[in-house]
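Please find below a colleague's note on the structure under review.

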Amino acid sequence: MTAPAADAVAVLVNGASRRLPAGTSVATLVASLGRSPQGLAVAVNLEVVVRSRWEATLLGEGDRVEVLTAAQGG
Amino acid sequence: MLEERGQPGRGPAEDALVIAGERFGSRLILGTGGAASLEALERALRASGAELATVALRRVEASGGGAVTEVLRRAGVRLLPNTAGCYTSRDAVLTARLAREAFDTSWIKLEVIGDDRTLLPDPVELLDAAEKLIADGFTVLPYCGDDPVVARRLEQVGCATVMPLGAPIGSGLGIRNPHAISLIVEQVQVPVILDAGVGTASDAALAMELGCSGVLLASAVTRAHDPERMAEAMRKAVEAGRLAHLAGRIPRRFHARASTADLGLADLSPAGG
């Protein structure tokens with residue numbers, strides 16, 4: 001939005017800082033993780049992004065992204 | 001959903017556990033936490049006979065890539081996501097919604113913990129989260145304390161089960177307050193599943209003898225010296241406890257009561273004695 005470099009945004013993905021090309025969608029980010037999207041869930045800024053919205057949801061400056069899946073537990 | 005109360009004389013094969021209208025042949029639910037390896041977990045799952053097993057939701061880097069779901073699929077075990085690690089209703093509700101998205105199930109084992117020392121459930125946050133999730137269409141299986149009043153409130157807001165602890169998570173202390181568990185069984189109509197505290201097979205059998213509809217355990221199996229063998233022990237203990245409950249135990253007596261009739265007893269006293 002107000003970032004000087006309009007071609008990149010800084011986001012936090014699972015707690016790690018990443019710079020992504022402006023206009024990167026959740027779907028593109030998930031694909032860049034190099035694993036099957038099956039069994040994954042994504043939250044952006046503490047809101048669930050349902051799978052059907054991954055393509056249309058573009059990441060913005062400062063967004064906090066969580067990409068989660070099953071782990072042993074409980 | 002009301003669970004069908006077991007009837008004496010019915011075989012175990014017909015004695016299904018019914019949760020929210022779905023039937024399970026096994027009354028043992030396994031948690032997947034604590035296993036040394038996925039291979040050990042798979043062997044334990046198979047030996048346990050469990051048809052339902054819990055998984056947690058974690059960041060992809062820390063989760064082993066979600067491989068645990070593949071283990072469950074191979075073993076033919078249905079996945080029950082949990083909200084382990086949540087301390088507030090807000091966190092638990094968001095985690096449940098993420099789990100629904102990841103695993104395509106609206107069933108959730110709801111855990112909201114009060115502190116990291118005891119891992120005891122926070123009843124205020126738990127009840128709040130349960131209400132919100134039920135309003136959002138979830139089937140909620142709440143991990144709760146052994147307080148009959150809280151259990152009743154959880155049933156009233158529409159939980160599919162109540163899952164009181166026997167003792168703190170991972171403590172292996174067994175059922176510290178069997179009377180409280182009996183009161184919960186007496187007071188709620190939904191299935192009561194003893195969750196947490198089981199250390200060995202007799203604890204699981206006791207839960208079933210007290211009238212619980214099922215037992216959920218993880219550490220007792222996954223951290224046992226031989227998880228596969230302990231899983232088999234737990235399967236048998238749950239079955240034995242269930243059968244004993246259905247059969248109806250004898251009342252406790254202070255003094256002995258001979259099982260052999262005195263009628264026809266030989267007179268073996270010395271002559272003239």
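The points below concern confidence, the contact between the chains, and selected strands and salt bridges.

1. The structure is a predicted model, and its overall scores are ipTM 0.89 and pTM 0.89. For chain B the average pLDDT is 93, and 94% of the residues score at least 70. Residues 1-11 of chain B are an exception to note, with pLDDT below 50. Where pLDDT is low, predicted coordinates should not be read in detail.

2. Extent of the interface. Chain B contributes 30 residues to the contact and chain A contributes 23 residues. Together the two chains bury about 2200 Å², and 60% of this area comes from carbon and sulfur atoms. On the side of chain B, the greatest losses of area to chain A fall on B:Arg59, B:Val60 and B:Glu101, which together account for 32% of what that side buries.

3. Polar links across the interface. Twelve residue pairs are in polar contact between chain B and chain A, counting pairs with both residues at pLDDT 80 or more. The elements of chain B that each give two or more residues to this side are helix H1 (38-48), strand E4 (52-59), helix H2 (67-75) and helix H3 (89-103). Of these, H3(B) gives the most, with seven residues. By class, the residues on the side of chain B that touches chain A comprise 13 nonpolar, ten polar and seven charged.

4. The residue B:Arg59. Which residue of chain A forms a salt bridge with B:Arg59? The partner is A:Glu66, with the closest N and O atoms 2.7 Å apart. One salt bridge is found across the interface of chain B and chain A. B:Arg59 is also among the residues of chain B that lose the most area to chain A. In the strand pairing between the chains, B:Arg59 in E4(B) stands opposite A:Leu68.

5. Strand pairing between chains. Strand E5 of chain A (residues 64-72) and E4(B) run antiparallel and are joined by five bridges. Strands of a sheet pair through backbone hydrogen bonds, either parallel or antiparallel.

6. A hairpin in chain A. Strand E1 (residues 8-13) and strand E2 (residues 16-21) of chain A run antiparallel, with six bridges between them. One of the pairings sets A:Ala8 against A:Pro21 in E2(A). Two residues lie between the strands of this hairpin, and A:Asn14 there takes a positive phi near 50°.

7. A salt bridge within chain B. Over all chains the count comes to 17 salt bridges. One of them joins the side chains of B:Glu22 and B:Arg78, at 2.5 Å from N to O. This pair links distant parts of the chain, 56 residues apart: B:Glu22 lies in strand E2 (residues 22-24) and B:Arg78 in strand E5 (residues 78-81) of chain B.

8. An open sheet in chain B. Three strands of chain B form an open sheet with parallel pairing, in the order E6-E7-E8. Strand E6 (107-110) and strand E8 (163-164) of chain B each have a single partner strand, so one side of each is left without a neighbour in the sheet. Strand E7 (residues 139-144) of chain B is joined to E8(B) by two bridges, and B:Tyr143 has B:Met163 as its bridge partner in E8(B).

Methods:
Residues are numbered from 1 along each chain as its sequence is written. Chains are lettered from A and ligands numbered from 1 in the order in which they are written. Side-chain values use heavy atoms; hydrogens and water are left out. Contact means heavy atoms within 4.5 Å. Buried area is the accessible area (1.4 Å probe) that two parts lose on being put together, summed over both. A salt bridge is a side-chain nitrogen of Lys or Arg within 4 Å of a carboxyl oxygen of Asp or Glu. A polar contact is a pair of N or O atoms within 3.5 Å; within protein, one must be able to donate a hydrogen and the other to accept it, and residues adjacent in sequence count only if both atoms are side-chain atoms. Helices (H or I, at least four residues) and strands (E, at least two) are DSSP runs, numbered from the N terminus. Ala, Val, Leu, Ile, Met, Phe, Trp, Tyr, Cys and Pro count as nonpolar, Asp, Glu, Lys and Arg as charged, and the others, Gly among them, as polar. Two strands pair if DSSP finds at least two bridges between them. pLDDT is the predictor's confidence in each residue, from 0 to 100.
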